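Here is my note on the two-chain model you asked about. Have a look at the picture first, then go through the points with it open.

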Amino acid sequence: MIINEQCSIVSQREIADNIYELILRGELSSQMNEPGQFVHVKIASGYDPLLRRPISIANIDRENHEFTLIYRKDGRGTAILSSKKTSETVDILGPLGHGFPIEETNAGETVLLVGGGIGVPPLYELSKQLVKKGVNVLHVLGFQNEAVVFYEDKFKSLGSTYVTTTDGSYGTKGFVTDVIKELSFDTIYSCGPTAMLKAVEAEYASHKKVYVSLEERMGCGIGACFACVCHTADDPSGFSYKKVCTDGPVFKAGEVVL
Amino acid sequence: MNHLEIQLPGLHLKNPVMPASGCFGFGREFGGLYNLSDLGAIMIKATTAEPRFGNPTPRVAETAAGMLNAIGLQNPGLDGVMNKELPWLEQFNVPIIANVAGSTEEDYVEVAKRISTAANVHALELNISCPNVKTGGIAFGTIPEVAKSLTKKVKEVSAVPVYVKLSPNVTNIVEMAKAVEAGGADGLTMINTLLGMRLDLKTAKPILANKSGGLSGPAIKPVAIRMIHDVSQQVNIPIIGMGGIETAEDVIEFFYAGASAIAVGTANFVDPFVCPKIIKDLPELLDQLGFDHISECTGRSWK
């Protein structure tokens, strides 16, 4: 069920350059289960910014009624959000969308989680749930440079973790795809820039199970405004479509046009 | 006593609050959040004769106190709306206002003729003001004689009253209103979005793939109020007002300007529960202001 709630800030800290970890407390955490879902955040009351911001759920802690959002301070809205302090509240609508299908993976299988930049956060909750299920988890996380790397230790505690940076300032120099070809696995779950998702899909969708989480500008986040539609792969120039907010944000590779 | 019940051509509204076309899809998403029977009416997303995918993304861009959209009338087409969307809406006790769009007069006539026969469609809203389609739409909404002729043709075939949605992107809105009234319109809905554009700081190019889009939200409320104020004094048909409404106070302001009912657009995207909230807040606000019925507010700015 989708709930609108004023959630209180448990903590907020900058965990890497302009990357913020925001822990919120609210009853809507009881509705959170699927990794890869997102919440729609009203940054401030009033008219500016007017629209909500979709931010993926990085961690669910139902026991304590808490959940974690990780976002990059990149514009007016996220700048205001980053200035909020503990005990203030944030207007949250959610949980929204369809996340990663963990039922597609069985205990004992090996899964590769591929994240790029600010697409990394939802993979953390996903990894936790897969590990709990008895799945072997490998992480390949790509970042621009050392200053924006985050959560490496947290991922390491769940499984082998490979970090790449575009400029080589940390981990392996290059892109996630450079590391992936050295690994063996059954399934890929991926979230990150479209170029990265395209590369992963092109290389592996034909012979592996691949799921990708998309990002798109959204209006309502609940499927009503038709801002975030994409063509389906079987009808790339026709009328068939999927909405990133409600049909996704996670799709099976090959389901929609990236 | 019911403070909110309103009678308009074709429409018996239990309250004057309805979601605006294009901001509510065909109701399914909101149907999971609250009982759609609580609404005065529903203005469904524009229907065209054939299915439309709409424009490439990005389709929305935020602005100060508003948003630009260039969805491009994405809809499943007349058959899809008739066979799937309208039957689904029949489970609710709420009149539907079907927004009709097209590129040619024939398109409009075809859609109006068939969709007006659906059991739950109690009125049509003629969309002559969408800024986001290449042909039709806006041309019908900016030339008085063209608008009048289209209204007349649609009136001839429609089984229900016809409201015409006016564009604010004209030099003389009163002239447009009078033209469609002369064409036989049973009512007006106003205003549609204002044409606008936003540029990206890094690329210097428009943010919207369509380049320009329609501005909506609280930013356009004063424009809507002024236009309804001017038009309502010059026509004898009712106006359903829209443009940046978010609260019960906004609703009363639209009534003062000259509206007889209102529609809520962009606010549904910010707070999906906004319509039931406004409906709940209105009776108390009317009490505070000393009105027995909301209809007493209509046109008070000039009466």
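1. Let's begin with a question: how many strands make up the closed barrel of chain A, and in what order do they run? There are 6 strands, running 1-2-5-4-3-6, and the pairing is antiparallel. Two strands count as paired if DSSP finds at least two bridges between them, and helices (H or I, at least four residues) and strands (E, at least two) are DSSP runs, numbered from the N terminus. In general, strands of a sheet pair through backbone hydrogen bonds, either parallel or antiparallel.

2. Before going on, some housekeeping. This is a predicted model, where local features need pLDDT of at least 70 and side-chain atom pairs count only at pLDDT 80 or more, while totals for chains, interfaces and linings use all residues. Residues are numbered from 1 along each chain as its sequence is written, chains are lettered from A and ligands numbered from 1 in the order in which they are written, and side-chain values use heavy atoms, with hydrogens and water left out.

3. Strand 1 (residues 3-16) of chain A pairs with strand 6 of chain A over 6 bridges, in the antiparallel sense. To find this pairing on screen, look for Cys7(A), which stands opposite Val90(A) in strand 6 of chain A. Helix 2 (residues 121-133) of chain A packs on the sheet and touches strand 4 (53-61) and strand 5 (66-72) of chain A. The direction of helix 2 makes about 30° with that of strand 4 of chain A (axes are lines fitted to C-alpha atoms, for helices over the stretch in contact, and angles run from 0 to 180 degrees between N-to-C directions).

4. Now for the place where the chains meet. Contact (heavy atoms within 4.5 Å) links 31 residues of chain B with 29 residues of chain A. The buried area between them is about 2600 Å², and carbon and sulfur atoms give 67% of it; buried area is the accessible area (1.4 Å probe) that two parts lose on being put together, summed over both.

5. What about charges across this interface? The rule finds 2 salt bridges, where a salt bridge is a side-chain nitrogen of Lys or Arg within 4 Å of a carboxyl oxygen of Asp or Glu. One of them joins the side chains of Arg53(A) and Glu62(B), at 2.5 Å from N to O. On the chain B side, helix 1 (28-31), strand 5 (60-63), strand 6 (66-69) and helix 9 (267-270) each supply at least two residues that touch chain A. Strand 5 of chain B gives the largest share, 3 residues.

6. Glu62(B) also turns up in a sheet: its bridge partner in strand 6 of chain B is Met67(B). Strands 5 and 6 of chain B run antiparallel and are joined by 4 bridges. They belong to an open sheet of 4 strands in the order 5-6-12-11. Its edge strands are strand 5 and strand 11 (194-197) of chain B, each pairing on one side only.

7. Finally, check two cis peptide bonds. Gly248(A) to Pro249(A) is cis, with omega near 10°, and Pro249(A) sits in the loop between strand 14 (241-243) and strand 15 (250-252) of chain A. Met190(B) to Ile191(B) is cis too, with omega near 15°.
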